Amino acid sequence: MSSSEPRQDGPSRGGTLRLYGPGSMDHVDPASAYYALGHQIIRLFARQLFTYPAVKDLKDWRAITPVPDVAVEVPTTYNTGLTVNHLTYTIRLRPGVLWDTTPPREVTAHDFIRGFKRMCNPVCGAGAIRYFTSTIRGMAEFAAAYAEAVPHPDATPAELAAFQNAHEIEGIRALDDRTLVFELVKPASDFLNILSMPFASAAPVEYDSLVPDGPDFRRQVRSNGPYRLVDYDHGKFLRMERNPFWDKATDGVRNQHVDAVEVTMEHADPVAVGRKIIADEADLSWASPVTEPYDANPTDPGNDLGYALNPYVVFNTASPNNGGALARPEVRRALAHAMDKMAILDIYDKLAAGTVMRPARSAIPPGNDGYVPFDLYPTPGDRGDPDECRRLLAEAGYPDGLTLTILHRDVDANPDVAKSLARDLERAGITVDFLPLGHSHYYAYLQDPAHAEAGSWDLSAPSWTPDWFGDNGRSFLQPMFQTNRNRGTSNYGCYSNPEVDRLIEEALATTDHERAYRAWHEIDVQVMRDAAIVPILEHAPTIPHLKGKRVRNAIPMPTIDRWFDLSNLWLEEAP
Amino acid sequence: MASSTESSLATASWEQIRELFPLDPATTHLNTGTVGATPHEVIDTYERVTREWTGSLANIYPPTLYPEYRARIAADFGVDQDELAICHNSTEAIARIVAGLDFGPDDEVLTTSHECFSLLSNLNLAHNRFGVRITIITLPSGPDITAEEIVALFEAAITPRTKVMAFAAITLYTGTRMPVRALCDLAQRHGITTVVDGALLPGMLEADLRALGVDFMTGSGSKFQCGPLGTGLLYARNKVFPEHNPLPLPTFWPVISTWYPLLGEMPKRTRTSVETCNMGDYLQSAGSANIGRAAALADACDLWNRIGRRRIEERVLELGWYTKQRVVEHFGESALYSPLSDANLHAPLVAFKPFRAPEDAWNINKIMAFVDRLESAHGIWIRWVEFEVPGSPHIHYAARICTHLFNHHDEVDRTLKIMVQLADEMS
């Protein structure tokens, strides 16, 4: 348990919640935002059909089970929401959910359709677009036609809107303003999890005149949640205030206790962030892993939820550097032998993050569907084997080594991780350069295949946490490894193997859970055989984040990497 | 007295027969596929027998095996008491059949997407529990489908692992009277067990279950048979009549049974036409039971015998045919999802699309509103149905009219006239 809180009779209203730290949203646009910190903010202003409730006990299955958000109810066969073949979902929308437009306007089924179309935009699309295109009938065709009709990433809002308004996704229809029908290509037991992703937010017609996630978008983003963005300076500051048109009667999961939320984004290490919180100059950390004392057994993740890969090394398979060496699996396999995972574990240990960490060997870490332990690149004590790396590189035709650029964030443990990896590679005869980036630019940079294709980086060490828990076989492999070279991709290294693509579709078509589990494992083995990544550490993300003394009811949410649900906490001023 | 009643009902007009049912004059009941109307005398029987047994000191267990009622009802369907149990509904019967079959993980069940949830959900349970593979084919629909087409579809889907074919006797969505005998012939040629969901069959068609060659069949007591709610039939073939079904009896476990041996096994099951093990008793013995319910169902069956089961069959098929013709006249042949040209597939359930725009066929809101308005504004009770259509990515929604012996042609005419107006209005 975390530190004790004074007994409360009920929530207090008011105050400004202050977050402080080195983090940044990757994108403000829900269509492309794909980072836990961003999702923490998006939850406040963008609503989906379904979402997750904030549940205090992480062992409670309800914490990871979607509940209706703008939808009236969870569709089932017995309420006529789900057909017997599990291919058609009829979802009815709550009345009274309003956009903060002038005048305020009801959120409609058409707004959700617009949101789904915007995910496919070529300017800044959804990182996990394959969740949707491989599930919803006609969405893959819509995305392909979109990419063909508007092939350039600098398209104007008019070009984007022209395509979107003239084309339909066959498998999504509005029967009226409050009824939405989805037709699937195959039954998907995780469909409600997919619909609960922030990508699947409604989008008002005003977005037709804005570049997705562009500066104007960030200034004019609309809200249908309890707060709205009133000030945003990317990577520096954001402020949200109450949305006066939000009505608690229409929202079963969020509240509006605090007056405002402010996030100050500064280059600060965890010690500095912790100091600010203890000094009551901030209430919560923004990105820094600052923990507070807790009594729980640190070896108990507190639940049966899936581990995260944090970090893993992704290779830029599109890099033209070294004669395109990283496109070759035998080169990547050689490099996989070089990494000293224990050295990186030591770096994280020093952060006293209060979480279970182990060296990782597979793309799917424990607790997630498809996980079966195996290790294709064992090294003694997980300390790396530079000699084996050197030998295999020579075999692959690189006896004189390579020159590689490591892209890394310049905050928290990331520079140390980059240096550790560099040491490992240098021991194997590889020359290493660094490309440090601020937190606010890092993921957006990785998500743009143009940077990968230009060879501005060769390897990097991001992290990946599952988008949902339970029945989540696809939540690692599909976004990370299925071919996706669109801007916004989360297949950062542009890895592409048609056989893996095919196996993923095959696994998705498997309705039998055990067979699907085996199928996901087989894909894991294949991507590891290809050494698309090097898993470094598997993390049970149970960090008990430090809270300021006036913070009450701060509930960590598994689906936003255990960061707190800001829509349910309140501030208790000292008497 | 008895013979006089029998004689009068056998020749009574349909208007007179309608008087047997407590129908609300303000309502047009065209939904017997969901629930029938229980005749006055059946309700009386239920009440009388219940009162007789309530509070009595008699030993309740022997009569709750319903030996007499089972014998009477079994005879109506060409079978014997040892092959029949009276249960609560067709869903329970299906569940007990699926749970009682000797499934292994390599076995496959062949069924259709046009089956009732009660069959599909229990098959999925077997899949999850035993690893049974479920192969689902989608039946064709529309005016031109033929029995041969349906049999060929099943035949093409049979594999060496197919252990069971499970299908409806009459489908509840498109009202297709399945070629049961031909499908059983096919199954027997491949050594496959047949499980037939006959929820709609009792009281609609004169049926000889033994002659049909089925291994298992369920039936509802409260739909076309018009017995009390909460009555159903479970038929399990318990003797071998080679002329109908030469296959040995399939291994079957009578789950939910008080009388299953506490030690050892049931008697060996027969390989001939002579009973050696009363499967019906094992299935029927399930603690105390509602005697009034069984008595009332037996009474409903007796009433059908007095009217004449063949006569009822002819009546309901004629009403169904009349309805189809009127639907074609008002909405066009292409509106029909139910069979038209192959009379062997006819049943008194007629499914069709009432709206002109093709896309309205997959608009659930419209069909729901249509059916609601028929009931609330016009007192006409039908239902909407949903089902797959081969080659279509959509689930189709249709209006379903279901006629029975107490309906008459005027009701069909009035209903269709109102449906035309309403569909026009809503189009």
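What percentage of the 427 residues of chain B count as buried? In chain B, 50% of the 427 residues are buried, a residue being buried if 20 or more other C-beta atoms, placed from the backbone, lie within 10 Å of its own. This is a predicted model, in which local features need pLDDT of at least 70 and side-chain atom pairs count only at pLDDT 80 or more, whereas totals for chains, interfaces and linings use all residues. Residues are numbered from 1 along each chain as its sequence is written, while chains are lettered from A and ligands numbered from 1 in the order in which they are written.

Chain B has 14 helices and 12 strands, where helices (H or I, at least four residues) and strands (E, at least two) are DSSP runs numbered from the N terminus. The radius of gyration of chain B, taken over C-alpha atoms, is 22 Å, close to the 22 Å from the globule rule (2.2 Å times the number of residues to the power 0.38), so chain B is as compact as a globular protein of that length. Its C-alpha trace spans about 70 × 55 × 35 Å along the principal axes of chain B. Among the contacts in chain B with a separation of 6 or more, 73% are between residues 24 or more positions apart, two residues being in contact if their C-beta atoms, placed from the backbone, lie within 7 Å.

Turning to chain A, the domain assignment, which is automatic or taken from a database, gives domain 1 (16-268 + 547-571) and domain 2 (308-540). The C-alpha centres of these two domains of chain A lie 28 Å apart, and their contact takes 36 residues from domain 1 and 29 residues from domain 2. On the domain 1 side, helix 3 (residues 129-133) of chain A gives the most, with three residues.

Within chain A, strand 9 (residues 227-233) and strand 10 (residues 237-242) run antiparallel and are joined by six bridges, where pairing requires that DSSP finds at least two bridges between the strands. These two strands form a hairpin with three residues between them, and Gly235(A) in the turn has a positive phi of about 75°. Asp233(A) stands opposite Phe237(A) in strand 10 of chain A.

Finally, where the chains meet, 12 residues of chain A are in contact with 11 residues of chain B. Strand 4 (88-92), strand 7 (172-176) and strand 8 (179-183) of chain A each give two or more residues to the side that touches chain B.

Conventions. A residue is buried if 20 or more other C-beta atoms lie within 10 Å of its own, exposed if 12 or fewer, and partly exposed in between; C-beta atoms are placed from the backbone.
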